[in-house]
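Visitor: I have a two-chain model open and would like to go through it with you. Can we start with where the chains meet?

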Amino acid sequence: MCRINLNKNRFTYWLLGCFLFPLLSHASDPICIRDQAGNPIPHAYVKIGPDKVVPVDRTGSFDLPDNLEADQLIEVFAMGFDARQIRVREISELSSLRLTEKIGQMGEVVVAATRTDRSLEDLPMPVTVISREQIQETGGMRLSEVLREQTGLQVVSDHGAGLQMQGLSSDYILILLDGEPLIGRTAGTFDLDRISVTNIERIEVLRGPSSAIYGSEAMAGVINIITKSSREPFAASLESRYRSFSTMDLSGEASFNQNDWSVQAYLNRFRTDGFDLNPNVPGNTQAPFQATTGQVKLGKKSGKWEFRLYSRMYREDSDNVLQVIENGKGRLADMSSERRDVNLNPTVTYRPNEHWQLTLRSMTSLFETHSLTEMQEDGFVVDAQDFQQRYHRTELQLDRQLGNSQLLTLGMGHLLETVDATRYEALNRFDAGYLFLQHQWDPTDKWNIVTGVRGDLHSQYGERISPKISGMYQISEKFSWQASLGAGFKAPDFRQLLLNFNNASAGYYVFGANLVQEGIERLQSQGLVQQLLLDPSQFGALKAESSLAINTGFRWKLSNDLLFQGNFFQNNIFNLIETAPFARLTSGQNAFSYFNVSRVRTQGIELDWTWRLTSKLQVSAGYMYLDANDLDVLEQIDSGALFRRDSENRTQRVSRSDYGGLFNRSRHSGNLKISYQEPLSGINLALRAIHRGKFGFGDVNGNLILDDPSEYARAMTSWNLSLSKAFSNGVLLETGGFNLLNQLNQYEPSNPGRTLFVGAKVPFHQLVNSK
Amino acid sequence: MNKWNMFQAGILLLALSTSCEENTVDEPEIELQAVTVENLHAPGDLMDRSTGEITEVRPFRYFSLEDNKMVESREGDWDIGFKGTTLIVNSGSSGPGTAQASVVTGTFDEISTVPSAADFKSDGENGLAIPTGSGNGWYNYNPSSHIISPIPGRVLLIQTNEGNYAKMEILSYYQDNPPLAEVDPMTTPSPYFTFRYLIQPNGTITF
């Protein structure tokens, strides 16, 4: 069967090279195609004999034509489900036919990987899909709580809940909302707690560099969050969860579909008291905060045209107390901060025929933060920070289907970004243009190749060419091998370019690369510079960080109910940007700027094993081995130039076996999940054990690298349980908990310990219908 | 006040001098001893944290390696001076003497001679002989923990006022030489230097 297809979501009879079976005469009652939970599958189709195809109607039903031979073979297909073969004799006695979902979300459509719709199992690169059901099962409220349960993903607390993928930190992971990039990072971290999960339909996790289609930031991978789109004529529901630490999540949704119009509205309110892991220190570990998320999606189809307008807003307020130490005396200060995020995303799609598709889209975003720290005693303003980022992108994408085996995608876009912040001078503007080309090709039934290249032209860091090639070979029906080789890059961020910071008390300066020339001249004119440490010709020439990566692995479907997947990855990153001193000042302190200095290599293996024991019980296990090293540190160790101190402060030479790699990376991590679903009673149970192996939290012995047992935080396993019951009228009640064994680790400030929750979901439209 | 301590480090020159030849007669060697100085308190200048202005300038604390004792005045016969994280030698812009220093990489024990590559400098307009700033000279500043730690493997070679060579290693910046894991930069008193040094009184470059 053909795998490349522009209009994956539509009925695809033409692709099969078949013609529609016209007017059918009825031989029996309609037969309904259902999933295991008993819901009709309206996108199923039935193939009778070699060349007759019957679609099912909106209720998932079809009529079997008469005059069929009793042992005629019938095949039932539906995207996302294993195909089923049955004889007419058997089927005519049934009123419904159940299909089994493809294991491991293999049948899901993935958009992020190629920017076209393709089934997960046909993608020659490592991709996973987190389904609506899996999101529901976690019982989580914010995106971090869903992603941390996935193999190979870690959530690390660093200026917010940041994701770590393939050993690379949040800075190098692109986050998309319905295919469009989300902005707003603090110290490089995209805070996953900004995203509420109740309106998420599915999450696509794409591993490995994807700069060949997305440009900057897509170095470790891409997370694409796809929000719900209801197909019901009318739907409205209310959903709420309440849990420990006075944490409350309330969501309301309403949608409407008629005459090719669709409207979808979503509102979410979240609040928490936060928690405190260290009561001896004033202030909370996690500050109390409230957040509101709103989303409105409008859509209209009109013949060959489709219009969409998506908009989203987010607002968050938090308060905390901190202690400011001055001359050995601690004084309390109040800190309040606010975050706002607004975006607007219109899209127009034109499909003149099945061979062409044109998409014009844009994304306009605003991200703002304000924070204020005031002394409690006298209201003295210790610190006031404002940050405002505006982002606008316009993109045109052209898809051209060439025969049944090739799909060509051409994209071009323009990007405009401005930033205005307390620590940056004036308003700063960046412009960029880009062009990408992608070719998806199935040369034979067994081969599947995707090649792509993207060129970026940026006002700041010049031009970049990012190629990528991925291929998959289907050794048998059950086993396929894939490999992809790609380049990634990350443009210098605002702070690295624009920071203008002077730590008055310590007497040092930090200049962004754009300001270093100006800064050094100013310091020189003030007579503060004692010696330049670097050649001034190096100043200001900050290049993008870049990587070359390989991902290779297999999908092994031992049976319809047993799937084993593996992926080996290696990311080689050059030109990593770090601060380095460029001038020594007369005060004895240094002036710093940002330079391309470091090299890092991360490599490892991800393994996933999914086993459906019965239609009700599924067990899955995941494991990741990770090795992440600073190559310059390795070089120093090899040349015998790296030392450490023992507990008596004596100096010893560091050897390779002492070196533990980059901080905050667990060499071993994994998960075990058991899911029990009973379609008839609506009872669902999900038990998960999420293990994070020991990891380095910071330097203790003075050499700034990870090389001592005392520098590791211990491993921990979080046992999470969710229980839910769905009633026939659609009402769902749930309860459960995270970290049931209450394991705490002071180096994981995002883990509050045992958390219990209850929740309910009320779908009003179903209640009305069932009366 | 400061307390002084002699420390038997037992560096045997014998072990370093090769004696493969059958007929060589071992010359009587003097066993050089490393000296450990504990808790040399050398507070830095007082500063207004909000403006960065220095409100009280404090003096350097001067130390003679030759005599293993503090020296009261800048004009005296001292070799090395301490204030905050800044280390000076008695020459050039810092003092009337001729002391010089060079920063080399290695462990204290394995540095048996002054390497020919060692670049001895006086303090001067173009910087101090022992460079200041994190990572440049003798210490690292960890910006996440705020701990000042002597860089492991950095050895200071000092030519004293009298012209003898000494090797020196800073062990701690905090009172009573605690293991770094026990240092809380907010509460552990600093700067209290603990360092060890070994001086070759015969003017040669071997230790």
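**The contact between the chains**

Guide: This is a predicted model. The contact takes 29 residues from chain A and 32 residues from chain B.

Visitor: Which strands of chain A each supply at least two residues of the side that touches chain B?

Guide: They are β22 (305-326), β33 (529-532), β35 (562-585), β38 (643-645) and β39 (651-653) of chain A.

Visitor: And which gives the most?

Guide: β38(A), with three residues on the side of chain A that touches chain B.

Visitor: How do the residues on that side of chain A divide into nonpolar, polar and charged?

Guide: Eight are nonpolar, 15 are polar and six are charged.

Visitor: Changing topic to chain A itself. How many helices and strands?

Guide: The secondary structure of chain A comes to eight helices and 46 strands.

Visitor: How does the radius of gyration of chain A stand against the globule rule?

Guide: The radius of gyration of chain A is 28 Å and the globule rule gives 28 Å for 771 residues, so chain A is as compact as a globular protein of that length. The C-alpha trace of chain A spans about 100 × 50 × 50 Å along its principal axes.

Visitor: What percentage of chain A is buried?

Guide: Buried residues make up 43% of the 771 residues in chain A. Of the contacts in chain A with a separation of 6 or more, 60% are between residues 24 or more positions apart.

Visitor: On to the largest nonpolar core. Which residues touch the most other members?

Guide: I173(A), L176(A), I223(A) and A591(A), out of 85 residues in that core. Strand β14 (residues 173-177) of chain A gives the most to this core, with five residues.

Visitor: What does I173(A) touch, leaving out residues up to four places away in sequence?

Guide: I173(A) touches L163(A), M165(A), L168(A), A220(A), G221(A) and I223(A).

Visitor: Now chain B. In what order do the four strands of the open sheet come?

Guide: The order is β6-β5-β7-β8 in chain B, and the pairing is antiparallel.

Visitor: Why is one side of β6 and of β8 left without a neighbour in the sheet?

Guide: β6 (69-71) and β8 (86-89) of chain B stand at the edges and have a single partner strand each, so one side of each has no neighbour in the sheet. Neighbouring strands of this sheet are turned by 35° against each other on average, direction ignored.

Visitor: How many bridges join β5 to β6 in chain B?

Guide: Three bridges join β5 (residues 61-64) of chain B to β6(B). S64(B) stands opposite K69(B) in β6(B).

Technical notes. Residues are numbered from 1 along each chain as its sequence is written. Chains are lettered from A and ligands numbered from 1 in the order in which they are written. This is a predicted model: local features need pLDDT of at least 70, side-chain atom pairs count only at pLDDT 80 or more; totals for chains, interfaces and linings use all residues. A nonpolar core is a set of buried Ala, Val, Leu, Ile, Met, Phe, Trp, Tyr and Cys residues joined through C-beta atoms within 7 Å. A residue is buried if 20 or more other C-beta atoms lie within 10 Å of its own, exposed if 12 or fewer, and partly exposed in between; C-beta atoms are placed from the backbone. Two residues are in contact if their C-beta atoms, placed from the backbone, lie within 7 Å. Ala, Val, Leu, Ile, Met, Phe, Trp, Tyr, Cys and Pro count as nonpolar, Asp, Glu, Lys and Arg as charged, and the others, Gly among them, as polar. The radius of gyration is taken over C-alpha atoms; the globule rule is 2.2 Å times the number of residues to the power 0.38. Two strands pair if DSSP finds at least two bridges between them. Axes are lines fitted to C-alpha atoms, for helices over the stretch in contact, and angles run from 0 to 180 degrees between N-to-C directions.
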